[in-house]
Amino acid sequence: MILEDLLKLDFIEDIYIYNNETEIKNGYVGDLLSEIMRNSPTSSIWITHQTHPNIIAVASIVEANTIVIPKDFEFENETIEKAKENNINLLKSKYDIFKTVGLIYNILFGE
């Protein structure tokens, strides 16, 4: 899927979009940065509660091109600036992380 497919849905808010034609092939969910670095596949959408600037460095290392946070969380301003420098898309869901993951999984894999 491309990011634009996700942006058409009403539960996603774009915080920063580097490229709405970004291809998303996989997804990963997690908050522990070392786990993400070990296990996240490339070309992924990463869904997390983490909002601090270090997530941009981790996303760059694992080649995750998009980060999504759930409702009631906000990216720090420094995180948004780092995302701009590193070409990482930032999104926010209007749902909790459980429902967000389920919806994105169904869109990505059509199940």
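**View 1. The largest nonpolar core of the predicted model.** The largest nonpolar core in this predicted model comprises 18 residues. Those with the most contacts inside this core are Trp46, Ile55, Ile56, Ile67, Phe75, Ile88 and Leu90. At least two residues of the core come from each of H2, helix H3 (54-62), strand S4 (64-69) and H4. The most is given by H3, which contributes five residues.

**View 2. The surroundings of Trp46.** Trp46 is among the residues with the most contacts inside the largest nonpolar core. With residues up to four places away in sequence not counted, Trp46 touches Tyr28, Gly30, Leu33, Ile36, Ile55, Val58, Ala59, Ala64, Thr66, Ile67 and Val68. Two of these contacts, Ile55 and Ile67, also belong to the residues with the most contacts inside the core.

View 3. Trp46 touches Ile36 and Val58, among others.

View 4. An open sheet is formed by five strands in the order S1-S5-S4-S3-S2, with mixed pairing. Strand S1 (12-16) and strand S2 (26-29) are the edge strands, each pairing on one side only. On average, neighbouring strands of this sheet are turned by 25° against each other, direction ignored. Helix H5 (residues 97-109) packs on the sheet and touches S2, S3, S4 and S5. The direction of H5 makes about 165° with that of S3.

**View 5. The pairing of S1 with S5.** S1 and S5 run antiparallel and are joined by four bridges. Within this pairing region, Ile12 stands opposite Ser93 in S5.

View 6. Ser43 lies in the loop between helix H2 (33-39) and strand S3 (44-47). Phi of Ser43 is near 55°, a positive value in a residue other than glycine.

View 7. The loop between helix H4 (77-86) and strand S5 (89-93) holds Asn87. Asn87 is a residue other than glycine with a positive phi, near 55°. The relative accessible area of Asn87 is 35%, so this residue is partly exposed.

Methods:
Residues numbered from 1 in each chain as written. Predicted model: local features only at pLDDT ≥ 70, side-chain atom pairs only at ≥ 80, totals over all residues. Heavy atoms only, no water. Buried < 20%, exposed > 50% of the residue type's maximum accessible area, 1.4 Å probe, protein only. Core = buried A, V, L, I, M, F, W, Y, C linked by side-chain atoms within 4.5 Å. Contact = heavy atoms within 4.5 Å. Pairing = 2+ DSSP bridges. Axes fitted to C-alpha atoms, helices over the stretch in contact; angles between N-to-C directions.
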